[in-house]
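Subject: Handover of a structure and findings

Dear colleague,

Please find below the structure that I am handing over to you. My findings follow directly after it.

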Amino acid sequence: MNDTGGEKRATVTLSKSNTQPIACTLTAGNFKDCMAWIGELTRDALRSHERQDLVLDLRYAPEAADRVREMVRKEQECCAFLTFAIGEGLHEIRVTITAPEAARKAADELFEQFVASVPTKTVLSCCMSEAKCEQ
């Protein structure tokens, strides 16, 4: 753990051999449960995300650190071909997921599961003011 200006940071990189098959090992039922669990975590705690090619950077509220670590542990078991790096600070927990080149065609689908439940802001174009929306 490093102390950087009063903020303690821990970084853990979890990866397995590059010879892992590019496939999730969950059964259909377990996959559905896992996606629901990740969706709940995303809605509750994901603050931001950014994707650059085969790398997805996720930033979660620090209160969700235990859940985020659990998600990474579970994902590493079923999708061993992905590499996960966790950085923990006082203000956020950051997860960086890297897909191998061999998974390029599936990267969109792979990464979508981690951000699919991000709340979106709805804009009511019919409303010019709050008074009109309340009617």
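Helices (H or I, at least four residues) and strands (E, at least two) are DSSP runs, numbered from the N terminus.

Please note that this is a predicted model, in which local features need pLDDT of at least 70, side-chain atom pairs count only at pLDDT 80 or more, and totals for chains, interfaces and linings use all residues. Residues are numbered from 1 along each chain as its sequence is written, and side-chain values use heavy atoms, with hydrogens and water left out.

Helix α1

The buried residues in α1 are Cys34, Met35, Ile38, Gly39, Leu41, Thr42 and Ala45. They cover an arc of only 165 degrees around the axis, which puts them on the same side of α1; the arc is that of the directions from the helix axis to the C-beta atoms. Lys32, Asp33 and Asp44, on the other side of α1, are exposed. An α-helix has 3.6 residues a turn, so residues three or four places apart point the same way. The expected span of a helix is 1.5 Å times one less than its number of residues.

Thr42 belongs to helix α1 and has a relative accessible area of 0%, so Thr42 is buried. Leaving aside residues up to four places away in sequence, Thr42 touches Phe114, Val115, Ser117 and Val118. A polar atom of the Thr42 side chain lies 3.2 Å from the backbone oxygen of Phe114. A polar contact is a pair of N or O atoms within 3.5 Å; within protein, one must be able to donate a hydrogen and the other to accept it, and residues adjacent in sequence count only if both atoms are side-chain atoms.

Helix α2

Helix α2 (residues 65-78) has 14 residues, and the distance from its first C-alpha to its last is 20 Å, close to the 20 Å expected at 1.5 Å a residue. In α2, the residues Ala65, Val68, Met71, Val72, Glu75, Gln76 and Cys78 are buried. Seen down the axis of α2, these buried residues fall within an arc of 170 degrees, so they line one face of the helix. Asp66 and Glu77 are exposed on the other side of α2.

Gln76 lies in helix α2 and counts as buried because its relative accessibility is 6%. The side chain of Gln76 reaches the backbone oxygen of Ala80 at 3.3 Å.

Strand β3 (residues 46-52) and strand β4 (residues 55-60) pair in the antiparallel sense over 6 bridges; two strands pair if DSSP finds at least two bridges between them. Ser48 stands opposite Arg59 in β4. The two strands β3 and β4 form a hairpin with 2 residues between them, and Asp53 in the turn has a positive phi of about 60 degrees. Strand β4 is also joined by 6 bridges to strand β6 (residues 93-98), and β4 and β6 run antiparallel. Asp57 stands opposite Thr96 in β6.

Leu54 sits in the loop between β3 and β4 and counts as buried at 8% relative accessibility. Its contacts, not counting residues up to four places away in sequence, include Ile97, Pro100, Arg104 and Phe111. The C-alpha atoms of Leu54 and Arg104 are separated by 6.9 Å, although the two residues are 50 residues apart along the chain.

Cysteines

The structure holds 0 disulfides, a disulfide being a pair of cysteine sulfur atoms within 2.5 Å. Cys34 is in no disulfide, and its nearest cysteine sulfur, that of Cys78, is 5.4 Å away. Cys79 is in no disulfide either; the nearest cysteine sulfur, that of Cys78, is 3.8 Å away.

The chain as a whole

The chain has 4 helices and 6 strands, in the order β-β-α-β-β-α-β-β-α-α along the sequence. Of its 135 residues, 33% count as buried.

Yours sincerely

How values were computed. Buried means under 20% relative accessible area, exposed over 50%, partly exposed in between (1.4 Å probe, protein chains only). Contact means heavy atoms within 4.5 Å.
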